[in-house]
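Subject: Structure handover, pocket and cavity results

Hi,

Please open it first, then read the notes below.

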Amino acid sequence: MKKFLVTLSIVLCTVAVATAQPRAIGARLGGDIDFSYQHSLGDNMLDLSAGLGLGKGFMSFGVAGAYDWIFPLSGWQYDGDWNFYVGPGLGLHIMTESPVFALSIGGQVGIEYAFEIPLNLSLDYRPMINLLGFGSKTWGHFYGLALGVRYRF
């Protein structure tokens, strides 16, 4: 199972890196602690993350990805750019409780501010519903509110 998740993470990151710039790397801090990678796909964005989740009596490791449509908030521009984004996503999680493997679908909605310096702050919500691997204590991840801090390059 570990080999599968590592291989999937490498494939997703390689596909994202193979396309043109810009990119951002950093962290999503919220219900989970995630390493985050964003990649521009024209006017839209691919958002990949991998990290640890802590719940009552269990811990999980997961990878998630979302394809986001970007909507610039042109009336809010000051010394940087405000954007609203929304899109569908997928997630794979392993929970230490049983262990339980979960394949999830969901979405992401958020707002971000890109400073004139290469710093990007975001606040997003990423709920997920488990399709496979229902555990005894969870059937989805609805605590997905997170603050993102990323370096753009």
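A definition first: a cavity is a set of grid points where a 1.4 Å probe fits but cannot get out, and its lining residues have an atom within 4 Å of a point. Please keep in mind that this is a predicted model.

**The cavity**

How many cavities of 30 Å³ or more does a search of the whole structure find? The search finds one. The space in this largest cavity comes to about 210 Å³. Its lining has 22 residues. Nearest the centre of the cavity lie Arg28, Asp32, Asp34, His93 and Arg126.

By class, the cavity lining splits into ten polar, eight nonpolar and four charged residues. At least two lining residues come from each of β1, β2, β3, β4 and β10 (145–152). Which strand gives the most? That is β4, with five residues.

**The pocket**

The largest pocket holds about 340 Å³ of space. Its lining is made of 17 residues. Pro22, Ser40, Met45, Ile70 and Glu112 are the ones nearest the pocket centre.

Here the lining divides into seven polar, six nonpolar and four charged residues. Five strands each supply at least two residues of the pocket lining: β1 (23–30), β2 (32–41), β3 (44–55), β4 (58–72) and β6 (100–115). The largest share is from β2, which contributes three residues.

**Strand pairing**

β4 and β6 both pair with β5. Strand β5 covers residues 80–95 and pairs with β4 in the antiparallel sense, over eleven bridges. In that pairing, Ala64 stands opposite Gly91 of β5.

On the β6 side, β5 and β6 also run antiparallel, and 16 bridges join them. Ile94 stands opposite Phe101 in β6.

**Where to start looking**

For the cavity, centre your view on Arg28, Asp32, Asp34, His93 and Arg126.

Best regards

Key
Residues are numbered from 1 along each chain as its sequence is written. This is a predicted model: local features need pLDDT of at least 70, side-chain atom pairs count only at pLDDT 80 or more; totals for chains, interfaces and linings use all residues. Side-chain values use heavy atoms; hydrogens and water are left out. On a 1 Å grid over the protein atoms alone, a cavity is a set of points where a 1.4 Å probe fits but cannot get out, and a pocket is an open set with protein on both sides within 12 Å along at least five of seven lines; lining residues have an atom within 4 Å of a point. Grid points are joined across faces, edges and corners, and a volume is the space filled by probe spheres set on the points. Helices (H or I, at least four residues) and strands (E, at least two) are DSSP runs, numbered from the N terminus. Ala, Val, Leu, Ile, Met, Phe, Trp, Tyr, Cys and Pro count as nonpolar, Asp, Glu, Lys and Arg as charged, and the others, Gly among them, as polar. Two strands pair if DSSP finds at least two bridges between them.
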